[in-house]
Amino acid sequence: LVQIDIYTPENTGTARARELADDAAAIFRDKRIDDMLFRQSDITNGAPPPDGYFRLTVTVPFQRDEIF
């Protein structure tokens, strides 16, 4: 699982955080790197952010194929 936390200043709206989260998710969307295949990402509010910030969390599951 890949996790990316996006922080933006509190009280500035959520549009920029959503844009950054969407951009991060797009990097991994159905991407194959060597023997790893990244799956559909999920964007959530995640854990409470530190004071003064808004946070979105991008999680990207992946599978790794290995042949013995």
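A polar contact is a pair of N or O atoms within 3.5 Å; within protein, one atom must be able to donate a hydrogen and the other to accept it, and residues adjacent in sequence count only if both atoms are side-chain atoms. The side chain of Asp65 makes such a contact with the side chain of Gln63, at 3.4 Å.

The model is predicted: local features need pLDDT of at least 70, side-chain atom pairs count only at pLDDT 80 or more, and totals for chains, interfaces and linings use all residues. Residues are numbered from 1 along each chain as its sequence is written, and side-chain values use heavy atoms, with hydrogens and water left out.

Asp65 is partly exposed, with a relative accessible area of 38%; buried means under 20%, exposed over 50%, and partly exposed in between (1.4 Å probe, protein chains only). Not counting residues up to four places away in sequence, Asp65 touches Arg32 and Asp35, where contact means heavy atoms within 4.5 Å.

Aromatic rings of Phe, Tyr and Trp (its six-membered ring) pair if their centres lie within 6.5 Å; planes under 30 degrees apart count as stacked, over 60 as edge-to-face and the rest as tilted.

| Pair | Centre distance | Plane angle | Class |
|---|---|---|---|
| Phe28 and Phe38 | 5.1 Å | 55° | tilted |
| Phe38 and Phe62 | 5.5 Å | 45° | tilted |

Ring pairs link Phe28, Phe38 and Phe62 into a cluster. Phe28 and Phe38 are both buried, whereas Phe62 is partly exposed at a relative accessible area of 34%. Val60 touches Phe28 and Phe38, among other residues.
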